[in-house]
Amino acid sequence: MLLSQLSAAASPLSQEQLQKLQGLVAELNPIQQAWVSGYLAANANTAALGGVLGQAAAPAQDAVPLTILYGSQTGNAKGVAAQLEAQAKSRGLDAKLVNMADYKPGNLKKEKFIAVAVSTYGEGEPPEDAENLHEFLVGKKAPKLDGVKIAVLGLGDSSYEFFCQTAIDFEERLQKLGAQSVVARADLDVDYEEQAEAWIASALDAFEPELKAQQAAGGTNVVSAPFGAPQAAHSQYTKQNPFTAEIATAVKITGRDSTKDVRHIEIDLEGSDISYQPGDALGVYFLNDEALVDEVLSTLNIDPQSEVKLGDDAFSVRDALIEKLELTQSYPGFVEKYATATGNEELAKLVTDKAALREYLEARQIFDVIKQNPSEIAAQTLVECCRKQQARLYSIASSQAEVEEEVHLTVGLVEFEAFGEQHFGGCSGFLAHRVEEGTKVKVFSEHNDNFRLPSDDNTPVIMVGPGTGIAPFRAFLQERDAREAEGDNWLFFGNPHFTQDFLYQVEIQGYVKSGLLSRVDLAFSRDQAEKIYVQDRLREKGEEVFAWLEKGAHFYVCGDATRMAKDVHQALLDIVKTYGGKDDEQAEQYLKELRSANRYQKDVY
C-alpha cells in the first residue's frame with residue numbers, strides 16, 4: 001500500500017502523525033526516503049532490544065527461519081526473493097535470503113520452511129548459481145524432507161519452449177523428497193511484478209502461522225520494521241523507473257563487407273546516480289518502428305489517435321504501440337489472445353498444438369502475425385492482446401573508472417529476411433538504424449554479482465569472448481588498467497574475418513603493447529579453409545590454460561549460450577582430463593569446484 005493511500009485506522013499512527021509523515025515523505029527523493037527508512041528501522045530495533053536486554057535468556061529451541069533460496073540469471077529472481085524477505089520481516093517473521101550458489105546442500109535436512117525463487121534460461125536450464133543445488137536434489141545424497149513446507153516461484157519467458165522449467169524441476173524434486181507445497185507454484189512471464197506481489201502475500205499467509213508459533217515457543221524475537229527491512233541505498237533509477245539518457249555515439253565497428261553488423265554505443269549518464277561495475281548489464285527500453293506501427297494500424301483500420309488505457313495511464317493507440325508494448329519478440333500468449341479477440345479459427349486451432357505454434361512463431365514477429373491476420377478489432381482490445389515491452393539487457397562494455405558518466409555497449413544487429421521483407425530486432429534495430437547523437441533512451445543498470453573480476457588484483461584471468469561477447473572483457477581490461485592490477489590477462493576472441501570483424505582491434509593491440517594483455521589468441525573462423533573457433537584455440541593452448549588454472553586463474557566466458565558456451569565447456573573438460581590426468585567424473589568435479597569458488601563464471605545469452 002502506498003503511504004498516500006494509508007489511513008490512520010490501518011496504521012499505529014494518529015491522523016495528525018500520518019499527515020506529518022505524508023508531508024515529509026512528499027519532500028524527499030527516493031535516496032532520502034531509503035535513508036530515513038533505514039534510520040527508523042534501526043531506531044525501532046534499538047528500542048525493541050532495549051526492552052529485553054538484561055532479561056534472562058530464554059532456553060534455545062529448534063526455531064528455524066524461512067529460508068529463501070534464489071537462483072537468478074539477470075537479477076529478477078533475486079529481486080523477487082529480496083522482496084519476499086523484506087515482506088516477511090515486516091510481518092515479524094524470521095527469514096534469511098541465500099543465493100543458491102552460496103547454499104550448502106547438506107543444510108536441507110535442517111530446514112523446515114523453504115521458499116524458492118528461480119529463473120529459467122536456454123533450453124529449460126537452471127541459472128548458473130542454481131546448477132549445483134538443482135543437480136544435488138536428484139542425487140543419492142539428497143535427504144528426506146518429510147514435514148518441510150515449501151513455496152516455489154519461477155520466472156521465465158513464454159516465448160521459449162521450456163517456460164519456467166527450472167521452477168517445475170525444483171518443486172517436483174523437493175516434493176519427491178517429502179516436502180509439502182503450502183501454496184500453488186507461480187510460473188511468471190516477463191511481465192511478472194503484480195503477480196509476484198500477490199504470490200508473496202499468499203506464500204507468507206501460508207507460512208506465517210507456523211513460523212510465528214515456533215518463534216513464540218522458542219523465544220525468538222524478530223522486530224517488525226514499519227517499512228520493511230532497511231535496504232542499502234541504490235540508484236533511484238530502476239527497471240520500473242528508468243533514467244532518460246542521451247545517445248552520445250552510435251557507430252558501426254564491423255567492416256563494409258562483414259556478414260555482421262555490430263554497433264558501438266555510448267550513452268551519457270550525466271544527471272543520474274547510476275553506477276555499475278564491470279560484469280553488469282544495462283537495461284535499454286526502445287521505441288518500436290513507427291512505420292511498422294502505422295502499417296499495423298492501417299491494416300486493422302484503427303484510428304492512430306484512438307485513446308487506450310494501460311493500467312491507470314491513457315495514451316493514443318499509436319503512442320502505446322511505439323513506446324509501451326512488445327511487437328517484435330513473439331510469444332504464444334499473444335496469438336491466443338488475438339485469436340480469441342478476432343474470432344480467427346485458424347489461429348485458434350494453432351494455439352491447441354504447441355509444437356506447431358512455436359514453429360509458426362519462430363519465423364514471425366508480432367507485426368507479422370497481425371499483418372497476416374487482419375481483422376476488425378478495437379484499439380483497446382488490440383493493446384490488451386499485447387504484453388508490456390521488456391527492456392533488453394546488454395553486457396556493459398566499459399568501466400566507470402575510465403569513462404566516468406558514460407556507459408558503453410557492443411550491440412549486434414539482429415536481422416533476417418522473412419515474407420519478402422527485412423526484419424530487425426526490436427532494440428538492436430532501434431540502436432542500429434533509428435538513433436543518432438542526442439536521441440533520448442531510457443536505461444537502468446542491472447547488477448550481476450555472478451560475473452565479477454577477482455578482488456585480488458594479482459589474480460590471473462582468462463577471458464573467452466567471441467563476437468559481441470567481447471563487451472564485458474573490454475570493461476574488465478579498462479578496470480584492471482585503471483587499478484594498475486598486476487595479475488596476468490589472457491583473451492580469446494573470435495569472429496568470421498580478421499579484416500572485417502576484429503572488434504576493438506586498436507584497443508586490444510594497445511593493451512598488448514602496454515603489457516596489460518599478457519596473451520591474446522584469435523580465431524577468425526572464415527579466414528582459412530578449415531573453420532577455427534575459440535574452443536579450438538583453447539585446446540591448442542590447453543597445457544598453458546591448465547597451468548594458469550592451477551596457479552589460481554579465474555576463467556570467464558561471454559556470448560552465445562546455445563553452442564559456443566557449451567563447446568568451450570567441453571574444451572575445458574578435455575583440457576582438464578588431458579593435462580590434469582583426470583577421468584570424466586573428476587574433470588566435471590574440477591570445474592564444479594572452480595564454479596563454487598567463483599573462478600569459472602559465464603555471462604551467456
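Is Lys 388 buried, partly exposed or exposed? Select Lys 388: with a relative accessible area of 47%, the residue is partly exposed (buried means under 20%, exposed over 50%, partly exposed in between, with a 1.4 Å probe and protein chains only).

The model is predicted, so local features need pLDDT of at least 70 and side-chain atom pairs count only at pLDDT 80 or more, while totals for chains, interfaces and linings use all residues. Residues are numbered from 1 along each chain as its sequence is written, and side-chain values use heavy atoms, with hydrogens and water left out.

A salt bridge here is a side-chain nitrogen of Lys or Arg within 4 Å of a carboxyl oxygen of Asp or Glu. Asp 191 is partly exposed, at 28% relative accessibility.

Move to Glu 326 and Arg 392, which form a salt bridge at 3.0 Å, N to O. Glu 326 lies in the loop between α8 (317-323) and α9 (332-342) and Arg 392 in strand β12, so the pair ties together parts 66 residues apart in sequence. Helices (H or I, at least four residues) and strands (E, at least two) are DSSP runs, numbered from the N terminus. Glu 326 is buried at 1% relative accessible area, and Arg 392 counts as buried at 18%.

Then select Lys 78, Asp 280, Asp 449 and Arg 452, which are linked in a network of salt bridges. The structure holds 34 salt bridges.
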